[in-house]
Amino acid sequence: MLLSEQCYKKIDRELAKYPDDQRQSAVMAALAHAQVELGWVSTDVMQELADYIRMPAIAVQEVATFYNMYNTKPVGKHKITVCTNLPCALSGGERAAHHLKQKLGIDYRDTTEDGEFTLMEGECMGACGDAPVLLVNNHRMCSFMSNDKIDALVVELKEANK
């Protein structure tokens with residue numbers, strides 16, 4: 001088993017929300033729980049989830065590769081996604097991305113050598129009025145990100161690992 005018993009208990013709670021013949025409806029939540037535990041979802045994890053949910057592995061893979069919130073390759077401990085949709089790009093998103101690239105020494109879809117940070121480009125996050133917007137590990141939205149706020153965020157995330 002690639003996932004812990006605790007992770008399977010969480011997946012079971014998701015499965016309980018649906019009739020037995022609609023177990024596949026819990027696939028997105030199952031992928032999310034697996035990713036929180038492992039940091040990403042490999043094809044082996046997708047297969048394990050498919051077997052557990054009782055659905056074709058290709059269907060799990062289709063969901064995991066369709067949505068950009070699932071990491072199908074290893075990422076850093078902190079995945080920072082920068083919204084670069086037009087409203088954000090025009091309101092500082094490109095500047096924020098440039099600053100992060102310089103600060104971390106990486107480009108989009110790269111991970112720092114120490115494995116701490118992965119930088120991603122993201123589509124609309126639904127917070128255009130808060131631009132520039134960053135999303136950390138798919139769970140924490142950071143708004144109005146000036147260079148100083150970006151610097152503080154990077155320090156905070158580095159300190160969280162000590």
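Biologist: What makes E2 and E3 count as paired strands, and do they run parallel or antiparallel?

Modeller: This is a predicted model. Pairing needs at least two bridges. E2 and E3 are joined by 2 bridges, so they count as paired. They run antiparallel. Across this pair, Asp110 stands opposite Leu119 in E3.

Biologist: What lies between E2 and E3?

Modeller: They form a hairpin, with 5 residues between them. Gly115 sits in the turn and has a positive phi of about 75 degrees.

Biologist: How do you know that E1 pairs with E3?

Modeller: The cut-off is at least two bridges. Strand E1, residues 78-83, has 6 bridges to E3, so the two pair. These strands run parallel. Thr81, for one, has Met120 in E3 as its bridge partner.

Biologist: Why is Arg109 called exposed?

Modeller: Exposed means over 50% relative accessible area. Arg109 has 66%, so it is exposed. Arg109 is in the loop between helix H5 (86-104) and strand E2 (110-111). Its phi is positive, about 70 degrees, although Arg109 is not a glycine.

Biologist: Why is Asn138 called partly exposed?

Modeller: Buried is under 20%, and exposed is over 50%. Asn138 has 23% relative accessibility, so it falls in between and counts as partly exposed. Asn138 is in the loop between E4 and strand E5 (140-142). Asn138 is not a glycine either, yet has a positive phi of about 65 degrees.

Biologist: Which peptide bond is cis, the one from Ala131 to Pro132 having what omega?

Modeller: The bond from Ala131 to Pro132 is cis, with omega near -5 degrees. Pro132 is in the loop between strand E3 (117-122) and strand E4 (134-136).

Key. Residues numbered from 1 in each chain as written. Predicted model: local features only at pLDDT ≥ 70, side-chain atom pairs only at ≥ 80, totals over all residues. Heavy atoms only, no water. Helix = DSSP H or I, 4+ residues; strand = E, 2+ residues; numbered from the N terminus. Buried < 20%, exposed > 50% of the residue type's maximum accessible area, 1.4 Å probe, protein only.
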